[in-house]
Amino acid sequence: METKELYLKSEINRKRLIEIVFKAKAGHIGGDLSCLNVLTVLYNAVMNINPLNLKDPDRDRFVMSKGHCVEALYVTLEAKGIIPSATLDTLGEYGSILSGHPTIEVPGIEVNTGALGHGLSIGVGMALAAKMNHQSYKTYVLMGDGEQDEGSIYEAAMAAHQYKLDNLVAIIDRNKLQISGTTEEVMALESICQRWTSLGWDVKEMNGDDIDDIVKSFSNINFENHCPHLLISHTTKGKGVSYMENVVKWHHGVPTEEEFNLAIQEISERIATLEK
């Protein structure tokens with residue numbers, strides 16, 4: 001998929017995200033919006049996933065470790081043709097298979113996640129299994145930056161280095177905000193790059209707000225260097241909705257009708273420009 005198509009798809013997904021969160025009256029909308037570009041690129045330009053054969057043993061694996069931002073994953077899976085639109089419209093309704101965190105009831109979701117700090121350990125297991133079974137699939141794990149406070153992440157990081165899991169790619173959604181404030185106020189993370197490099201990882205930084213840089217960063221991964229990979233994705237919380245950007249209260253929140261209309265208008269204008 002060409003870069004312009006990816007930008008357009010990301011904006012269409014962004015509009016859909018606002019719609020489903022508004023309808024469901026719940027959602028971690030700020031973090032959803034910050035990671036949406038990365039998910040769009042992963043599912044449309046990076047990962048080997050066939051919507052018609054979701055159990056293909058050679059498919060790439062994806063783990064949404066920051067599971068509270070599942071709405072971004074739902075709209076990505078819908079756009080990929082994995083979740084029917086009628087199913088996505090049931091978000092927030094009684095009896096729906098869609099909940100506030102990923103579950104394996106939903107097509108295309110590999111594991112239940114949302115207990116922060118656990119996703120990387122699962123990803124390490126998947127990547128190690130591929131090595132042991134001589135399979136070529138890659139495993140991708142998306143973490144939040146607030147999630148980096150969890151100690152279990154670093155146990156998983158050490159194991160990934162120990163077993164030379166160069167088929168594992170972790171991504172940190174570095175939007176610099178978590179539920180109670182900035183990451184540096186709550187539990188300072190910097191320097192993330194030095195920390196993970198010292199753990200034996202191949203660490204790169206990218207602009208997660210920029211589709212071109214995301215594509216370039218994934219395409220430059222060396223899957224034969226015997227090191228696990230980390231992409232520090234510098235993003236904007238609430239990306240793409242002016243009044244939400246870099247505002248901590250939108251960690252979790254539902255727009256009012258007036259705010260909803262403003263967000264839809266902003267995104268629709270960008271879609272119209274991209275469609276020209």
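The model is predicted, with local features requiring pLDDT of at least 70 and side-chain atom pairs counted only at pLDDT 80 or more, while totals for chains, interfaces and linings use all residues. Residues are numbered from 1 along each chain as its sequence is written, and side-chain values use heavy atoms, with hydrogens and water left out.

**Helix α9**

Select residues 211-219, which form helix α9; helices here are DSSP runs (H or I, at least four residues) and strands likewise (E, at least two), numbered from the N terminus. Within α9, I211, I214, S217 and F218 are buried, where buried means under 20% relative accessible area, exposed over 50% and partly exposed in between, with a 1.4 Å probe and protein chains only. Seen down the axis of α9, the buried residues fall within an arc of 130°, so they line one face of the helix; the arc is that of the directions from the helix axis to the C-beta atoms. Turn to the other side of α9 to find K216 and S219, which are exposed.

**Aromatic pairs**

Next, show the rings: a search of the whole structure finds six aromatic pairs, a pair being rings of Phe, Tyr and Trp (its six-membered ring) with centres within 6.5 Å, called stacked when the planes are under 30 degrees apart, edge-to-face when over 60 and tilted for the rest. Select F22 and F260, whose ring centres are 4.2 Å apart with planes at 15°, so this pair is stacked. Because F22 belongs to helix α1 and F260 to helix α10 (residues 257-275), the pair ties together parts that are 238 residues apart in sequence. Both F22 and F260 are buried.

Move to Y43 and F62, whose ring centres lie 5.7 Å apart with planes at 75°, so the pair is edge-to-face. Both Y43 and F62 are buried. Then select Y154, W196 and W201, which form one aromatic cluster.

**Nonpolar cores**

Finally, colour the largest nonpolar core, which has 54 residues; such a core is a set of buried Ala, Val, Leu, Ile, Met, Phe, Trp, Tyr and Cys residues joined through side-chain atoms within 4.5 Å. The residues with the most contacts inside this core are I18, L42, Y43, F62, Y74, I171 and F218. Helix α2 gives the most to this core, with nine residues. A second, separate core of 27 residues includes Y137, A156, L189 and I232.
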